Amino acid sequence: MHETVFSHSPAGCASRLLEFGGQVVYTDVALDPYNSLGHDGIVRSDGVILNDETIAYLCKQAVSQAEAGADYVSPSDMMDGRVGAIRDALDDAGFTNVGIMAYSAKYASAFYGPFREALDSNPVIAEDWKVPKGKETYQQDPANYKEALLEAALDEEEGADILMVKPAMPYLDIIKGLHDQSNLPIAAYHVSGEYAMLKAAALNGWLDEKAVVLEALLSIRRAGATVILTYYAKQAARWLQEEQA
């Protein structure tokens, strides 16, 4: 296996991308994998998520990832104002060509279940610390449509290069809304729960896996997504190549 190292100069980066097959590296910026309490933000003892203090560490994380070779950093934490702060931090560190794919409409969703179990990133109850049981204080309310449009507009003003909606299929209307509102590329995250439902139904013989997966991804594309993140990526790519052969 070759080690891939990307230069941060435009010419150097282009040559490395060509050498390694045009790969572009996206990294996730959030504290939950490293937070013993399972939250994306720093939790105060009374249960308040500390927005600004969290952003300071997200900026350090983003710069560190850029130094390691990331082409895009993807803040998934949902703290207010973090896109602008990360943009400033990257620029100040000389990474003006590193882009930001912002999780602009990330919902407090039950569809993250399989991923959170695998990562062990569910909020943890502590005896001497008040810890919110869920992430509703910073992730978006599934019932609130306008909040997504507002937050995405703010992310765009702060310097985001791509706007993301997560999850995907339960929020096709949000994808459509962002697509109609913005000229930026819209990404949609087809999350672990969406994948698990289709996979389980296929394994039980209830659905034709290839047909329903391609239909699901088509619906996301039709709603306005120009980028789709999915656990089915490799399999879907093979199916599409087979159809075009």
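How are α8 and α9 oriented to each other: roughly parallel or roughly perpendicular?

**Entry 1: the model.** I noted that this is a predicted model, in which local features need pLDDT of at least 70, side-chain atom pairs count only at pLDDT 80 or more, and totals for chains, interfaces and linings use all residues. Residues are numbered from 1 along each chain as its sequence is written, and side-chain values use heavy atoms, with hydrogens and water left out.

**Entry 2: two helices.** I looked up helix α8 (residues 209-223) and helix α9 (residues 233-244); their axes come within 11 Å and cross at roughly 100°. Helices here are DSSP runs of H or I with at least four residues, strands are E runs of at least two, and both are numbered from the N terminus. Axes are lines fitted to C-alpha atoms, for helices over the stretch in contact, and angles between N-to-C directions run from 0 to 180 degrees. Therefore α8 and α9 are roughly perpendicular to each other (65 to 115 degrees).

**Entry 3: their contact.** I found that E209, K210, V213, L214 and L217 of α8 meet Q235, A236, W239, L240, E242 and E243 of α9, where contact means heavy atoms within 4.5 Å. These residues divide into six nonpolar, one polar and four charged. Nonpolar covers Ala, Val, Leu, Ile, Met, Phe, Trp, Tyr, Cys and Pro; charged covers Asp, Glu, Lys and Arg; the others, Gly among them, are polar.

**Entry 4: the sheet.** I recorded an open sheet of six strands, ordered β1-β4-β5-β6-β7-β8, with parallel pairing (at least two DSSP bridges between two strands). Its edge strands are β1 (26-29) and β8 (227-230). Four bridges join β7 (residues 186-190) to β8, and A188 has I228 in β8 as its bridge partner.

Technical notes:
Parallel < 35°, antiparallel > 145°, perpendicular 65-115°, else oblique.
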